[in-house]
Structures are given as structure tokens and as C-alpha cells.
Amino acid sequence: MTTQATAAVLYQVKQPLVIEDVEVLDPGPHEVLVRWKANGVCHSDLHVITGDYPHPLPVVLGHEAAGVVEQIGAGVESVKVGDHVCSSYIPSCGRCGYCIGGQPTLCALRDSPRWFMLDGTPRFRKNGQGLHHFLQVSGYATRSVLLEQGVIPIRRDAPLEVACLVSCGVLAGAGPVINRAKVPPGATVAVFGCGGVGLNTIQAARLVGAAKIIAVDVLARKLEWAQEFGATHAVDASREDPVSRVQAIAGGGGVDFAFEVVGTQRTIEQAVLSTHRGGMAVVVGVSPAGTRLSLDPALFLQQRTLTGTSFGGGHQRTDVPMLIDLFMDGRYKLKELVTRELPLTELNHAFDLLQQGEVKRSVIVYR
Ligand SMILES: [Zn+2]
Ligand SMILES: [Zn+2]
């Protein structure tokens, strides 16, 4: 049995996505079919389109989705038809060493190809040909099949067109502050990159009570957004050396914590250099394949830490509902992250806006 979906399909890198009807196969054992309500437009999808992040084609992209469970396969126990869910682009099985050891964002399920279901086949078909999934989510389709372990049930009163943002950018940005750095009240923090993810790093730093939150970007518009989301200082790296400026604002030789939310060699190195001895730099941004760093090892003899996170580095099954609770309680900005709501037919335009730095987040909404 199959159902239909409208999907955005990438057939060739650097080419526009083709919006077309595709077949969606029934969910297999421990799989679920979700009818998506919304999917945010994220830079990681763009990396595949530009070829910076090589991926088998054709593929249905999208990995920041929220929707309603429409059908469940055999043996599915953790969700039922009608449940509202966020996608989890990193599934967690609850059984592997990583999951049991408290690091479910590193789950062993990541080791199998993320463009197929676990049986090694896709659930999308067009003219008899299979289409690849993206991170086993593929939210740029009105429907897709996911692993049971790749959906996170959420409260029903949360609006799905903003809840979808928590499925990537929000948790990816906020999680490193809460889970990895565990930023304490009064800390000094620098955030390099103030787009849709970095604004969440800033917002989380504010939430946990950081004293100085120094936003660094090269676009004045993004620095304004940063201040709306809680930054106490703004540094325009197109006009001044961000490392010396951050050090001067922080005092004491640099910041306690620097978060890199761009994904370039230069900004990762700047993040490390802007910390004081014993400080921590956290990589959040996704760098193009082949990126390498050049840093003086003496920085690490001074007990600095350079680390990073996957999907917030915590427990995605509880972190996603937690952030949605904070939003519903008025303590976390989600609506303010959405600059544009667009239909799927305008997805190519949405990527243009993202590339031009015009938007915090665009959200594709299915009516
Ligand atoms: Zn993303
Ligand atoms: Zn696992």
C-alpha cells in the first residue's frame, strides 16, 4: 500500500528542488508515517543543495519538522495515531551503549545509512525509483516515514508551525549552553554567529543567567536580532577584530565560554582564542566537509577545552518537550524566530533568503 505526498526533491546539486507528487510506502515494523504540519528551513539542508555536504541523490531534504502521526507500523509502542510529534534527526534507541550511558544524541543508530530506513530501503518512490531520505526525517514533504526512534511526542496545545523549530535549530543552539557547557549564572559568554541557531544559544545563555552575552556577527541586522534575544554586547566582526574586542568586553583575559555557530575554520579558531585560560569553546555550527583547524597546542596546555555537540548534546526525548514547555509558559521565544512562513512551492526562494542572511528562520507550512 502507498499514499501520496507532495515533496521537494533534490535531483542534482546546485539545482532548484523539484516540487512534485511522490509515493509514500506504508511504514514497516517500528516505523511511523507522519503528516507534517511544518518544517523549518535550516542551513544543513542548504549544505546538501550546494554540494558542501555530499549526499546520495535524489533526496527529499528537511530535518526540522513537526506534525501528526497518521499511521504506525507493527510493533510501534511509543506513539499512536493522532499524536503530535517533533522529528528527531538523531534517533535514540534507548538500548545501545551511548543511550544507556546517558549520551542518546550519539546513539548507535547513527552508524547505519541515514538516507534509508533500517532495512536499507527507502519509503519514497517516484516513477518506480526510490528517493533517499534525509537524516531519516525528510520534512520537505507533506508526509514521510520515520523510525519510531526518530519521533518525539509533544503536547497537543503547542502550535506545530513553531514547535518544528525545536526539532533542530532551537535545541541545537540552546542545548550546548544547558547540556554541554552547563553555563552557570554570572558567566561570560561569546556567541559567534547570530542566525537562527545562534539566537537560541544567546537566548539559552540569557535563560540560565549568564552575565555578559557577547554577540559576534558580520551583519548589523543579525546583531540587532541578537540583542532582541538577550545579548548584552554586540561585536561587528566586519569592522573590528572580534577576538580582542570580546576579550576587552569580558575582561579577565577572555570569556568563560565561547560558542561557534557558523561552521568555518576562522570562526572556530576565533572562538577558542576569545576564551581565557581554562575556558571552553563549543562548536555548534556545521562546517563544510574538508574544513580543518590551525591552533597553537599551547592554548590547550592552558587548560582550554574545545568541544562540540550533536543535537544539543543532551537528551533529545526530554529536551524537546522541555523547551516547548518553556515556550508555552512564555519564557522562551519561538514565534520571534520565524521571519517568514512559506508554502512548499516557495522552498527554493526560502533557501535564497537563508543564503542572503535575510531571515532568522523561514518555516514551510503545509495547509
Ligand atoms: Zn538543521
Ligand atoms: Zn542508542
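Helices (H or I, at least four residues) and strands (E, at least two) are DSSP runs, numbered from the N terminus.

Before moving on, note that this is a predicted model: local features need pLDDT of at least 70, side-chain atom pairs count only at pLDDT 80 or more, and totals for chains, interfaces and linings use all residues. Residues are numbered from 1 along each chain as its sequence is written, while chains are lettered from A and ligands numbered from 1 in the order in which they are written.

**Stop 1: helix α7**

Select residues 242–250, helix α7. Pro242, Val243, Arg245, Val246, Gln247 and Ala250 are buried here. Buried means 20 or more other C-beta atoms within 10 Å of a residue's own; exposed means 12 or fewer, and partly exposed lies in between, with C-beta atoms placed from the backbone. Now show what the buried residues of α7 pack against: β11 (188–192), β12 (212–217), β13 (233–236), β14 (255–260) and α8 (265–273). Contact here means C-beta atoms, placed from the backbone, within 7 Å.

**Stop 2: strand β12**

Pick β12. Five of its six residues are buried. β12 pairs with β11 in the parallel sense over five bridges; strands pair if DSSP finds at least two bridges between them. Find Val189: its bridge partner in β12 is Ile213. On to β13, which runs parallel to β12, with four bridges joining them. Here Ala215 has Ala234 in β13 as its bridge partner.

**Stop 3**

Go to the loop between α1 and β4 (59–60), where Pro58 is found. A cis peptide bond joins Leu57 and Pro58, with omega about -5°.

Next, select Asn127, in the loop between β7 (124–126) and β8 (129–131). Asn127 is not a glycine, yet its phi is positive, about 50°. Is Asn127 buried or exposed? Asn127 is exposed, with 7 other C-beta atoms within 10 Å.

Finish at Gln136, in the loop between β8 and β9 (143–147). Gln136 also has a positive phi, near 55°. Gln136 is buried, with 28 other C-beta atoms within 10 Å.

Definitions and conventions: Two residues are in contact if their C-beta atoms, placed from the backbone, lie within 7 Å.
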